[in-house]
Protein chains: 2
Amino acid sequence: VNHGLRGSDSLKDASLVRRLGKKFALPVEVTRVDVSKLAAENGESIELAARNVRHQFFAQCASLHRCPRVLLAHHVDDQAETVLFNLLRGSSGLKGMEFQSSYQVGQKKLQFFRPLLETTRAEINDYVAQRKINYREDHSNSQAVATRNRLRNEVIPLLEDIMGRDIKLPIVKAAVTSKSKTLALQEILESYQLEDPQGRLFIPKLIKLSPALQQMALHDYLKKNNVSEISSELIKRCLNLLENPDISKTNLPEGRYFRRKEKRLFVD
Amino acid sequence: VNHGLRGSDSLKDASLVRRLGKKFALPVEVTRVDVSKLAAENGESIELAARNVRHQFFAQCASLHRCPRVLLAHHVDDQAETVLFNLLRGSSGLKGMEFQSSYQVGQKKLQFFRPLLETTRAEINDYVAQRKINYREDHSNSQAVATRNRLRNEVIPLLEDIMGRDIKLPIVKAAVTSKSKTLALQEILESYQLEDPQGRLFIPKLIKLSPALQQMALHDYLKKNNVSEISSELIKRCLNLLENPDISKTNLPEGRYFRRKEKRLFVD
């Protein structure tokens, strides 16, 4: 996808991709979209508009070539930035990109794979240098996405200077540990079958859990029911319905309620 | 504790503390230690030597005044630095200081409490200004502990500039969430009673867990047995003993072994 954000550079990128396609006898699809204009029209950020354009184009190519899988080239350095970015914007934990994720574009479900997510940029550079592989640097990296680029160009080098060593791998590893803890807890909570057939939380089961597990269960339940802005204060307020028989509902964002009725808790 | 690191400033600090003690009719104990000299003698870092000196003095005061609890003044800003520091040095997660912790000094067990750990420095500044409370800035903050201070003075302001808002609370909240997940998992693993009376892991119980939980259980077990440098590679190698009947031991650091024998796994 030529995003039209980098003038003649992007034409040279497209021509390299076409040459590589010819060399390896692989089909190449190129499209050109004026992302700045589109973002302005839709009142979106350039980042969001660019992503939507890419996903739609991937979906078209997937239909055309009957190939529902998309390989993305994110590496350890990208992942470290993502984890740091999510941590700083308060997404409650160390969340990075997934090796495998899926994305709905209209009727079409695309599967994304990131096979290089445990490979560092330095390793990729070595590989490319040893094999004398032709490549181009994507300079939009250093313009379009200001925050991400400042993390990459200012924060990570500063942190590595201060710590006296690489900090990207420790960050990525911490995110992997965090992810495996979250998965383990989700497995456990699912095995408890806390919901009744109508998808409401069954109080006699919930009440037997430790406070920490009750909080996890509530958090997952609210998230599943598309409650936005789930704070620890909100979770405490909801759990209060478990202990206090005088209260039978509490406010949720967007005018919804969390209610207790007949030994069940549910979003209304 | 006058650490002897800041010349006449530290004498002024001590005299303010004495005046405050008099004003509120509270006993004050002051000691003076040349921490630089001590650190050089023991081949320790200044940070470590200073902490040991403080802990020993706290223990002496605790005996003298029969008061085993020590209140420490760490606030949200300190906690954010600690979490970031631990993340960057690869301690596998978001670990901060605890509201309550205990510390063994010789025969004496001291309990530390940090009542201001959810209070921001800005809130403390407001409180002090409104009540016209006399205070002194500890300028050793900006000299002794180089790494921590660079996080405070360079990294956190840079990150807040990039993100356009406070990043200390999101970091601290993420650490709280991470902590509660870890606690919940520990509770669950304890409830499974995976160890036999000799403290060895009982394979028929371990084998029933999901891979994520097996990894947690192994990690906790190795940590409890003082195995240093527990990497995910080491954990995978140990778990291999569960699945591969041909292997009955694997190397641990410091010349120790992890062994399988009679349906048990243990450190040897």
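**Helix packing and aromatic pairs in the predicted model**

Helix α7(A) passes α9(B) in a left-handed crossing (near helix turned anticlockwise from the far one by less than a right angle; clockwise is right-handed). The model is predicted, with local features needing pLDDT of at least 70 and side-chain atom pairs counted only at pLDDT 80 or more, while totals for chains, interfaces and linings use all residues. Residues are numbered from 1 along each chain as its sequence is written, chains are lettered from A and ligands numbered from 1 in the order written, and side-chain values use heavy atoms, without hydrogens and water.

Helices (H or I, at least four residues) and strands (E, at least two) are DSSP runs, numbered from the N terminus. Axes are lines fitted to C-alpha atoms, for helices over the stretch in contact, and angles run from 0 to 180 degrees between N-to-C directions. From α7(A), the contact (heavy atoms within 4.5 Å) uses A:Ser180, A:Lys181, A:Ala184 and A:Ile188. From α9(B) come B:Ala212, B:Leu213 and B:Met216. By class, the contact of α7(A) with α9(B) has five nonpolar, one polar and one charged residues. Ala, Val, Leu, Ile, Met, Phe, Trp, Tyr, Cys and Pro count as nonpolar, Asp, Glu, Lys and Arg as charged, and the others, Gly among them, as polar.

Helix α9(B) also packs on helix α10 (residues 232-243) of chain B, at about 110° and with axes 10 Å apart. That makes α9(B) roughly perpendicular to α10(B). On the α9(B) side, B:Gln214, B:Gln215, B:Leu218, B:His219 and B:Leu222 take part. They meet B:Leu234, B:Ile235, B:Cys238, B:Leu239 and B:Leu242 of α10(B). This contact has seven nonpolar, three polar and no charged residues.

In chain A, helix α2 (residues 35-42) packs on helix α3 (residues 46-65) at about 110°, with the axes 9 Å apart. That makes α2(A) roughly perpendicular to α3(A). Their crossing is right-handed. A:Val35, A:Ser36, A:Leu38 and A:Ala39 of α2(A) meet A:Ile46, A:Ala49, A:Ala50 and A:Val53 of α3(A). The contact of α2(A) with α3(A) has seven nonpolar, one polar and no charged residues.

Over all chains, the structure holds six aromatic pairs. Rings of Phe, Tyr and Trp (its six-membered ring) pair if their centres lie within 6.5 Å; planes under 30 degrees apart are stacked, over 60 edge-to-face, the rest tilted. The ring centres of A:Phe58 and A:Phe112 are 6.2 Å apart and the planes stand at 80°, so the pair is edge-to-face. A:Phe58 lies in helix α3 and A:Phe112 in strand β3 (residues 108-113) of chain A, 54 residues apart. A:Phe58 is partly exposed, at 21% relative accessible area, and A:Phe112 is buried, at 4% (buried is under 20%, exposed over 50%, partly exposed in between; 1.4 Å probe, protein chains only). In chain B, B:Phe58 and B:Phe112 form an edge-to-face pair, with 6.2 Å between centres and 80° between planes. B:Phe112 is buried, at 4%. Ring pairs also link A:Phe58, A:Tyr103 and A:Phe112 into a cluster.

B:His75 sits in the loop between β1 (69-71) and α4 (76-88) of chain B. B:His75 is buried, at 10% relative accessible area. Beyond neighbours within four places in sequence, B:His75 contacts B:Leu116, B:Leu117, B:Thr119, B:Arg121 and B:Ile124.

Note on methods: Angles under 35 degrees count as roughly parallel, over 145 as roughly antiparallel, 65 to 115 as roughly perpendicular and the rest as oblique.
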